[in-house]
Amino acid sequence: MKFVEKLAAWQDQRFLWLLMAVASGFLIVLAHSFFQIYLYMPPCEQCVYIRFAFLCMVIGGLLACINPKSTALKIPAYAFSFWGAIQGIMYSVKLTKIHEAVHADDPFGVQGCSTEPSYPLGLPLEKWAPEWFMPTGDCGYDNPMVPDGVTLSSMQQFFVDLYAEGWYLIPSKHFMSMADCTLIGFGLAFIILLGMVASWLVVKFKK
């Protein structure tokens, strides 16, 4: 019970919420600025959906950070965060299946990949921020696509060669694709959020 009370106390503070918001925001910026812009990896439809899921978690974390003790702020904060984590898991699972189908030369497994995204509530994110939320790549193909005539720096060339066969946590071993990593990330976030909200409710009703 002491652990539940301690976790309830933590979720009443800014640290966990800020950590989630910063980590999610960092991954969005990393995907866009480093992999998409610097290494010329065009994002696919499921990839930009994953960015949107992380964005929802950023919003949830920042909402709670305004006043983590406020129930009026905490409820929408949990709603945004859980929605982002759950949708992120679903997008990652779909991308994992597509990635496996592509690399197994199974054309019938490549479903759910379009260049015309459809965001919840009809949000035109691809029009508001096309560089961030407009899919320009094919699902399952996450290797650099350097345009003709582009001269790469030595550092760029190193990373382009490193990810020439696709994005993997350990490229030389083809270990853990990008979709696998985001699935683990969203899954971990969901478990932590579940513990946070459960401890909050237990302590709240106990009082």
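The model is predicted, so local features need pLDDT of at least 70 and side-chain atom pairs count only at pLDDT 80 or more, while totals for chains, interfaces and linings use all residues. Residues are numbered from 1 along each chain as its sequence is written, and side-chain values use heavy atoms, with hydrogens and water left out.

**Make-up of the chain**

- The chain has eight helices and two strands, taken as DSSP runs numbered from the N terminus (helices: H or I, at least four residues; strands: E, at least two).
- Along the sequence these elements follow the pattern α-α-α-α-α-α-α-β-β-α.

**Extent, burial and contacts**

- Along the principal axes, the C-alpha atoms of the chain fill a box of roughly 65 × 40 × 35 Å.
- Of the 207 residues in the chain, 40% are buried (under 20% relative accessible area, 1.4 Å probe, protein chains only).
- Among contacts (heavy atoms within 4.5 Å) with a separation of 6 or more, 74% are between residues 24 or more positions apart.

**Packing of H4 and H8**

- Helix H4 (residues 71-103) packs with helix H8 (residues 178-206) at an angle of about 150°, and their axes are 8 Å apart; axes are lines fitted to C-alpha atoms over the stretch in contact, and angles run from 0 to 180 degrees between N-to-C directions.
- That angle makes H4 roughly antiparallel to H8 (over 145 degrees).
- By class, the contact of H4 with H8 has 18 nonpolar, eight polar and three charged residues (nonpolar: Ala, Val, Leu, Ile, Met, Phe, Trp, Tyr, Cys and Pro; charged: Asp, Glu, Lys and Arg; polar: the others, Gly among them).

Conventions:
Angles under 35 degrees count as roughly parallel, over 145 as roughly antiparallel, 65 to 115 as roughly perpendicular and the rest as oblique. Buried means under 20% relative accessible area, exposed over 50%, partly exposed in between (1.4 Å probe, protein chains only).
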